[in-house]
Amino acid sequence: MAWTWSFSARPGRPGCTEPLPRTWRSSAWRVFSDAKDQATLVRAFSMVADRHPAATLRMLGDGPTQEQVSDLARELFGEGWSARVKIEPAQLDVREALGSADIFALASHRESLPNVILEAMAAWLPVVASDVGGIGEVVEHDVTGMLVPPEDPRAFAKALDKLLGAPALLASMGQAGRTRVEGCSFEAMTRSFEKIILKALS
């Protein structure tokens with residue numbers, strides 16, 4: 001199912017299908033599987049939470065590792081962990097969550113070319129993601145978001161901290177991502193998949 005993580009409020013970005021309130025939030029959708037790395041996201045959030053006291057980590061979804069993630073959040077944030085880390089049921093319609101976010105974060109051990117990144121970019125969200133699989137074919141580092149080494153909570157935290165402290169950078173990366181998605185043709189997507197397959201075979 002899907003995950004989102006979020007950080008607190010400010011006004012002003014267009015929503016995914018219509019104007020929505022801007023919140024200073026960071027989002028990540030993910031299936032609970034061995035390919036994903038939610039633990040890195042929770043650890044990264046714990047590293048920036050004190051510097052951004054209004055921030056919350058919002059996660060949507062369910063699955064076999066949810067309890068482990070909840071236990072990790074409890075360990076890192078203590079007794080009041082649920083005030084900072086909010087775990088909610090999975091949603092089929094994610095427009096509200098994307099529309100209320102500021103950053104889309106995807107931590108993975110391995111990936112192909114996640115459609116959810118394109119959805120986030122279409123919602124004017126800058127992306128912070130592990131530099132694995134075909135993610136680098138879509139996310140242009142320091143233009144539409146930030147690529148970080150996999151399994152590196154400190155690198156994730158540094159990227160999130162940089163964006164959360166720079167509203168103008170959030171806006172420019174979000175606009176660049178939206179423009180990039182609008183220019184994505186079927187042929188361009190096919191070429192990206194071909195590159196991923198050839199890289200995997202080499």
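Helix axes here are lines fitted to C-alpha atoms over the stretch in contact, and angles run from 0 to 180 degrees between N-to-C directions. Helices (H or I, at least four residues) and strands (E, at least two) are DSSP runs, numbered from the N terminus. The model is a predicted one: local features need pLDDT of at least 70, side-chain atom pairs count only at pLDDT 80 or more, and totals for chains, interfaces and linings use all residues. Residues are numbered from 1 along each chain as its sequence is written, and side-chain values use heavy atoms, with hydrogens and water left out.

The chain holds nine helices and six strands. Take α1 and α7: their axes come within 8 Å and cross at roughly 55°. That makes α1 oblique to α7 (under 35 degrees would be roughly parallel, over 145 roughly antiparallel, 65 to 115 roughly perpendicular, and the rest is oblique). On the α1 side, the contact (heavy atoms within 4.5 Å) includes Leu41, Ala44 and Met47, and on the α7 side it includes Phe156, Ala157 and Leu160.

Now for the interior. A nonpolar core is a set of buried Ala, Val, Leu, Ile, Met, Phe, Trp, Tyr and Cys residues joined through side-chain atoms within 4.5 Å, where buried means under 20% relative accessible area, exposed over 50% and partly exposed in between (1.4 Å probe, protein chains only). The largest such core has 30 residues, and Val42, Phe45 and Phe156 are among those with the most contacts inside it. Its largest share, seven residues, comes from α7. Apart from that core lies another, of 21 residues, Leu98 and Ile135 among them.
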